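Q: Could you walk me through this structure, one feature at a time? I would like to learn how to read each one.

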Amino acid sequence: MREGADVTAADHYGDKVLRLADGTYLKLFRVKRLFTSARIFPYSSRFVKGAEKLKALGVPTLDVIEIFRINHLKRTAVHYNPLPGHTLRELPVPFDDALAKQFGSFIRDLHDKGVYLRSMHLGNVVLTPEGELGLIDIADMRIFKRSLPDRLRLRNFDHLARYDEDRKTVATQAESFLSAFEPAFAEKLRPKLGGSR
């Protein structure tokens, strides 16, 4: 499977994500601690369950092909088809006011559905050929049974704000983005974009 693959993500422990020669992806997971629930319920299984839950909620995401345990590497892995389209970081068109409002509505809808994505940034959100937004890196996701409280919604934007270029991109269309939210929440959110009235 690895022959002819491109490494798209890695760290000092090794490869994390491979784009295989056939265009599918292989995401590898390692157990980070000796005593952890991940030894019983691996991160790869959580990734697969997350994809299933997102689809049940009507959120476009990747299609899982197979899950592996790679014992000699002490890794588990998920083989999947990517979600077609471009991430909001690599769009061939400008991040304009209409897309900013769509992105805001997408996040609001995720939060209303109880989706908390720790890796919230423009590289994890895809604009599909059908014009929908969807998620691709769902390893650090939790889905609650109820809509998220404001404190978690706001904390989600702390993750986006860590990526300075992403924050600046959204801030260029701040008013359109914020218009997707209730006015009171939008005012709480505004400082995270670096904007003020």
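A: Gladly! Let us begin with a term: helices here are DSSP runs of type H or I with at least four residues, numbered from the N terminus. Please keep in mind that this is a predicted model.

Q: Thanks. In which helix is Val-170 found?

A: Val-170 belongs to helix H4, which covers residues 164-171.

Q: Is Val-170 buried or exposed?

A: The general idea is a cut-off: a residue is called buried when its relative accessible area is under 20%. Val-170 has 0% relative accessibility, so it counts as buried.

Q: Which residues does Val-170 touch, leaving out those up to four places away in sequence?

A: Val-170 touches Phe-95, Phe-103, Leu-122, Leu-160, Phe-177 and Leu-193.

Q: Which residues touch the most other members of the largest nonpolar core?

A: A nonpolar core joins buried residues of nonpolar kinds through side-chain atoms within 4.5 Å. The largest one here has 43 residues, and the members touching the most others are Leu-88, Phe-103, Leu-135, Phe-177 and Phe-181. Helix H2 (residues 97-112) gives this core its largest share, 6 residues. Another core, of 7 residues, lies apart from it and includes Leu-20, Leu-28, Ile-70 and Ala-77.

Q: What does Phe-177 touch, not counting residues up to four places away in sequence?

A: The contacts of Phe-177 include Ala-100, Phe-103, Gly-104 and Ile-107. Also among them are Phe-157, Val-170, Leu-189 and Leu-193.

Q: Now for strands. How do strands of a sheet pair?

A: Strands of a sheet pair through backbone hydrogen bonds, and the pairing is either parallel or antiparallel. In this model, strand S4 (residues 63-70) pairs with S5 in the antiparallel sense over 7 bridges. Strand S3 (residues 25-30) is also antiparallel to S5, joined by 6 bridges. As for individual residues, Arg-75 in S5 is the bridge partner of Ile-70, and Phe-29 stands opposite Thr-76 in S5.

Q: What lies between the strands in the hairpin of S4 and S5?

A: This hairpin has 4 residues between its strands, and Lys-74 takes a positive phi near 55°.

Q: Why is S5 described as largely enclosed?

A: Of the 7 residues of S5, 6 are buried, so the strand is largely enclosed by the rest of the structure.

Q: What is the nearest side chain of opposite charge to Arg-75?

A: A salt bridge needs a charged nitrogen and a carboxyl oxygen within 4 Å. Arg-75 is buried yet has no salt bridge, and the nearest side chain of opposite charge, Asp-11, is 6.1 Å away. The side chain of Arg-75 does reach the backbone oxygen of Tyr-13 at 3.1 Å.

Q: What is the order of strands in the open sheet of 3 strands?

A: The order is S6-S8-S9, with antiparallel pairing. Strand S6 (86-87) and strand S9 (133-135) stand at the edges with a single partner strand each, so one side of each has no neighbour in the sheet. S6 pairs with S8 (residues 125-127) over 2 bridges, and Thr-87 stands opposite Val-126 in S8.

Methods. Residues numbered from 1 in each chain as written. Predicted model: local features only at pLDDT ≥ 70, side-chain atom pairs only at ≥ 80, totals over all residues. Heavy atoms only, no water. Buried < 20%, exposed > 50% of the residue type's maximum accessible area, 1.4 Å probe, protein only. Contact = heavy atoms within 4.5 Å. Lys, Arg positive; Asp, Glu negative; His and termini not counted. Polar contact = N/O pair within 3.5 Å; in protein donor to acceptor, adjacent residues only side chain to side chain. Pairing = 2+ DSSP bridges.
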